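Student: I would like to go through this model one feature at a time. Please give the general idea of each and then the case at hand.

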Amino acid sequence: MTLQEMQQQRQEALKTKMFNDAKFSTADVNDYNAQLDKLTGHNPGFGEHNFDMHAGFHNKVYGMHFGRGKDVILAQDSAQAKLMAESVFHDADTQAFGIASNGVPEVLASVFVNKIIEQLFQTTQFSALTHEFQQGVWGTPRMYIPTVSRVGASALYADNDSNGHSEINLNYVSRGTVRLQNMCQYGDLQNATYSFSKINYMQQIKKTALEQIRLEQNRIGFRGFAGKEVYGFLNAPELLPVIPSPASAAEPTSSQWIYKTAPEIYADILLMYDSIVQIAGGNVDPRTVKVKLGVPPAVFTFLLKPNALFTDSAYDFIMRQFPNLEIIQVQDLQGTGSPIGSVLPNYALMVLSELNGQECALNAFSSILQSHGAVRLLSSVIEKLSYTVSGMIAPQPIGIARMSGI
Amino acid sequence: MTLKAGFQQSVTFMQCALPGDKYTQPGFGVYDEQGFIVDPDSAGQKIGTFCWGVDGTNNQQITPFKGANTRIAGFVIRGQQSVWANASLSVGYSDIVPATQQLPVCANGSFYAVCPSLNGGGVIVAGDIIILNNLTGELKSQTTGVIPANYTQVPGYKVINAAPADSQTADMVIISNEIAF
């Protein structure tokens with residue numbers, strides 16, 4: 001049997017089936033004939049068929065005619081016309097539409113809020129504690145910072161004497177840079193899919209990269225980058241030794257603020273400030289020098305402990321004594337354990353803005369952000385971002401005090 | 001105070017000098033200063049000590065260790081008269097002028113120098129003689145005239161001030177072959 005013969009045989013079988021499936025009784029046919037005979041023309045819209053249909057007879061010629069076409073399909077008689085019509089209308093028995101209601105779909109009653117709630121991250125206070133110090137360019141591998149020291153001595157006067165001398169000595173303090181990179185990649189289908197939820201996918205991906213870079217630069221500002229001569233507030237070699245907080249009276253084995261009274265907390269702040277003033281040669285005046293005090297969020301609330309008379313908190317008292325002091329919460333100074341700081345210690349960090357016009361702490365970088373350009377691939381875009389930073393450099397370590405164990 | 005950090009860690013008074021600085025300005029500030037080249041085969045010449053003239057090189061080169069040399073060329077002063085081409089820029093402050101570089105050397109004068117004493121108790125006294133370690137180039141001072149092994153007495157030089165005012169450097173003294181007090 002050829003393929004053509006098989007197709008012909010199948011068409012015949014389908015035709016037979018269509019007629020058999022109708023299964024109308026003679027009464028049905030007669031009844032329908034009576035109805036059909038009355039049709040003279042337009043019978044619009046049946047079921048899901050989106051077209052007009054004419055079925056009926058004209059001068060005893062039965063047939064069908066679809067609204068959008070000009071051809072008339074002729075039937076031998078009214079019975080065949082009925083079958084033809086029903087083959088279009090499907091089954092005459094299901095035309096009655098009486099499915100029980102299941103109500104309004106919940107999805108139509110719900111609202112998809114267009115305010116996007118984004119993940120919250122720790123604050124990055126490194127830049128708040130330092131002065132920005134951009135040197136070199138993106139490819140800069142190292143910074144050399146010249147320092148001048150002076151020596152000299154006077155001598156007793158004598159007419160023909162040229163005694164006495166003044167010299168300078170120049171030294172270059174060296175710090176490394178660390179260059180890091182990050183990637184953004186966004187696919188066409190990802191973009192299309194996320195757009196259904198009204199999210200600007202590309203913008204969100206870039207924001208993620210920038211947040212990550214911001215957090216990493218902040219981390220380097222406190223902890224440096226091992227092996228690259230890049231240091232932070234917690235490990236810079238130029239900084240003076242960390243002052244251990246004195247033990248509390250209530251808990252002699254601990255110096256943590258959770259056990260300390262308001263006067264004891266104030267004494268800790270005073271101790272840090274004193275450690276700066278003692279070595280600053282008279283260059284520090286609390287009325288004029290701006291000071292920032294960073295404390296971990298875990299102990300910040302203890303600054304609000306009142307004194308014994310409930311007239312002042314430690315915070316109130318500190319702010320009165322140091323009108324140019326700003327207290328900020330620094331997550332990077334927070335230790336671990338329970339209470340927090342009992343295993344790895346909490347740190348307090350006091351940073352003077354400047355000493356005699358020279359900044360105390362620098363946020364040193366060569367390139368805070370470098371985009372290497374977006375590359376269009378087959379069905380995605382890829383973009384590299386990089387940055388070159390030197391962490392924290394303290395050209396005036398005198399103006400920085402650290403305390404552990406608070 | 002650690003110097004590794006490189007930046008100033010406390011406000012101090014002005015130091016009188018560093019080793020190698022000149023003390024007096026004799027003759028209207030004219031020293032018998034000569035320029036020499038640091039022996040290319042040496043490891044570099046430290047400032048603030050005496051150096052040896054390299055024999056047989058037309059008096060052009062000096063070297064920090066005695067070796068086969070016979071004459072002390074003079075005292076290496078702290079004069080920034082050459083670029084330290086290969087100096088390590090990282091912190092450390094070796095005070096060593098690299099080989100092949102030029103430096104100023106004075107045969108006579110009064111200078112600041114670090115000369116730890118070999119006296120009992122390590123106390124430096126004005127009038128002590130200056131001795132130079134032949135192997136390391138290190139300067140020492142002592143009162144008695146018996147020179148230890150591997151040391152050479154620097155002719156004519158003595159300690160004239162055992163504790164200069166405003167000195168923050170341990171064992172820093174003023175030495176001279178011109179003045180006695």
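Student: Which is E216(A), buried or exposed?

Tutor: Buried means under 20% relative accessible area, exposed means over 50%, and partly exposed is in between, with a 1.4 Å probe and protein chains only. E216(A) has a relative accessible area of 17% and is therefore buried. This is a predicted model, in which local features need pLDDT of at least 70 and side-chain atom pairs count only at pLDDT 80 or more, while totals for chains, interfaces and linings use all residues. Residues are numbered from 1 along each chain as its sequence is written, chains are lettered from A and ligands numbered from 1 in the order in which they are written, and side-chain values use heavy atoms, with hydrogens and water left out.

Student: With which residue does E216(A) form a salt bridge?

Tutor: A salt bridge is a side-chain nitrogen of Lys or Arg within 4 Å of a carboxyl oxygen of Asp or Glu. The partner of E216(A) is R219(A), and the closest N and O atoms are 3.2 Å apart. R219(A) is partly exposed, at a relative accessible area of 30%.

Student: How are E216(A) and R219(A) placed in helix α7?

Tutor: An α-helix has 3.6 residues a turn, so residues three or four places apart point the same way. E216(A) and R219(A) are three residues apart in helix α7 of chain A, so about one helical turn separates them. Helices (H or I, at least four residues) and strands (E, at least two) are DSSP runs, numbered from the N terminus.

Student: Which side chain meets that of K206(A) in a salt bridge?

Tutor: That of E383(A), at 2.9 Å from N to O. K206(A) lies in helix α7 (residues 201–223) and E383(A) in strand β16 (residues 380–393), both of chain A, so the pair ties together parts 177 residues apart in sequence. E383(A) counts as buried at 6% relative accessibility, whereas K206(A) counts as partly exposed at 30%.

Student: What is there of this kind in chain B, for K140(B) say?

Tutor: K140(B) forms a salt bridge with E138(B), and their closest N and O atoms are 3.7 Å apart. K140(B) is buried at 14% relative accessibility, and E138(B) is partly exposed at 38%. Elsewhere, D21(B), R78(B) and D95(B) are joined into one network by salt bridges that share partners.

Student: How many salt bridges are there over all chains, and how many between chain B and chain A?

Tutor: Over all chains the count is 14. Between chain B and chain A it is zero.

Student: What area is buried between chain B and chain A?

Tutor: The size of an interface is often given as the accessible area lost when the parts come together. Here the loss (1.4 Å probe, summed over both parts) is about 2400 Å², and carbon and sulfur atoms give 58% of that area. With contact taken as heavy atoms within 4.5 Å, 28 residues of chain B are in contact with 32 residues of chain A.

Student: Which residues does T147(A) touch?

Tutor: Leaving out residues up to four places away in sequence, T147(A) touches N169(A), L170(A), N171(A) and V173(A), along with G6(B) and F7(B). T147(A) sits in strand β6 (residues 142–153) of chain A and is buried, with a relative accessible area of 19%.

Student: How far does helix α8 of chain A reach?

Tutor: The expected span is 1.5 Å times one less than the number of residues. Helix α8 (residues 262–279) has 18 residues and reaches 27 Å from its first C-alpha to its last, close to the expected 26 Å. Its buried residues include I265(A), I269(A), M272(A) and I276(A). Among the elements that cover the buried residues of α8(A) are β10 (291–295), α10 (314–321) and β12 (347–352) of chain A. Just after α8(A), G281(A) takes a positive phi of about 60°.

Student: In what order do the five strands of the barrel in chain B close?

Tutor: Strands of a sheet pair through backbone hydrogen bonds, either parallel or antiparallel. Two strands count as paired if DSSP finds at least two bridges between them. The barrel order in chain B is β1-β4-β3-β5-β7, with mixed pairing. Strands β1 (residues 33–38) and β4 (residues 61–63) of chain B run parallel and are joined by two bridges.

Note on methods:
Buried area = accessible area lost by both parts, 1.4 Å probe.
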